[in-house]
Amino acid sequence: LHDGVWSLRVSTFNTTELKESKLKFIEDSDVCKRALLWSIETVKEIDKQAVKDMEVRQARMDELRDLTESIRKEMSDKGYKFDDVISVGNFDWKLPVGAIAHYFYDPEIGHGVMNVHSYAFESKDENYLSDIVKHELIHAYLKHPFKPGNNHGEDFQRIADDMGIPYKYQD
C-alpha cells in the first residue's frame with residue numbers, strides 16, 4: 001500500500017498487454033520504488049477516467065436542469081404551477097435499487113432533489129428522459145414525501161395523462 005493505493009509488488013504481463021496498456025513500463029532496480037512508481041502511473045490513468053466520468057455527469061446534470069425547467073414551464077402552462085427549489089442529479093448509487101429516477105421532497109425546508117439514473121440518458125427512446133422527468137416533477141408538484149410504496153394515486157394518474165406520459169412510465 002502506497003499512500004492509500006494498493007499495488008502489486010510483482011506483476012507479470014505478456015508483451016501484448018504491455019504494448020496495449022496506457023501505463024508506461026516502469027524500470028527501476030529498487031522493488032519498492034518500482035511499486036510506488038507503478039502506483040503513481042496507475043492512479044494517473046484512473047484519474048483521467050474519473051475526470052472524464054465527472055465531466056459526463058456534469059453535462060448530464062446541465063441537460064437535466066434545462067429539461068426540468070422546460071417541463072416546469074409546460075406544467076405551469078397547463079395549470080400545474082409550483083415554485084419549489086429542485087436540485088437535479090445524476091448519481092446512480094443514490095437511487096433505490098431498481099429505480100430509474102427518484103424525487104424526494106422535504107416539507108420542512110421546501111426543497112426537493114431529483115436524481116436520474118445514467119440509463120435514462122442512454123435510452124434509444126428519444127422521449128424517455130423527458131417522460132421520466134415529467135413523472136418525477138409530478139411527484140414534486142404533489143409534494144410527495146419519500147415513502148416506500150405507491151405514490152401514483154388518482155391525482156398522479158390524472159396529471160400524468162394530461163402531461164402525455166405513456167402509461168408504462170406512470171408507475
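Guide: Let us begin with helix α4, which has 14 residues and reaches 20 Å from its first C-alpha to its last. Helices here are DSSP runs of H or I with at least four residues, and strands are runs of E with at least two, numbered from the N terminus. This is a predicted model, in which local features need pLDDT of at least 70, side-chain atom pairs count only at pLDDT 80 or more, and totals for chains, interfaces and linings use all residues. Residues are numbered from 1 along each chain as its sequence is written, and side-chain values use heavy atoms, with hydrogens and water left out.

Visitor: What makes the span of α4 close to the one expected?

Guide: The expected span is 1.5 Å times one less than the number of residues. For α4 this gives 20 Å, and the helix reaches 20 Å.

Visitor: Why is α4 called largely enclosed?

Guide: Buried means under 20% relative accessible area, exposed over 50%, and partly exposed in between, with a 1.4 Å probe and protein chains only. In α4, 13 of the 14 residues are buried, so the rest of the structure largely encloses the helix.

Visitor: Why does Y80 count as buried, and why does Y141 count as partly exposed?

Guide: Y80 has 9% relative accessibility, which is under 20%, so Y80 counts as buried. Y141 has 25%, which falls between 20% and 50%, so Y141 counts as partly exposed.

Visitor: Why is the pair of Y80 and Y141 called edge-to-face?

Guide: Rings of Phe, Tyr and Trp (its six-membered ring) pair if their centres lie within 6.5 Å; planes under 30 degrees apart count as stacked, over 60 as edge-to-face and the rest as tilted. The centres of these two rings are 5.5 Å apart and their planes stand at 75 degrees, so the pair is edge-to-face. Y80 lies in the loop between α2 and β1 and Y141 in helix α4, so the pair ties together parts that are 61 residues apart in sequence.

Visitor: What makes Y80 and D162 a polar contact?

Guide: A polar contact is a pair of N or O atoms within 3.5 Å; within protein, one must be able to donate a hydrogen and the other to accept it, and residues adjacent in sequence count only if both atoms are side-chain atoms. The side chains of Y80 and D162 are joined at 2.7 Å.

Visitor: How confident is the predictor in the protein chain?

Guide: On pLDDT, the predictor's confidence in each residue from 0 to 100, the chain averages 79, and 74% of the residues score at least 70. Over residues 1–19, however, the pLDDT is below 50.

Terms used: Contact = heavy atoms within 4.5 Å.
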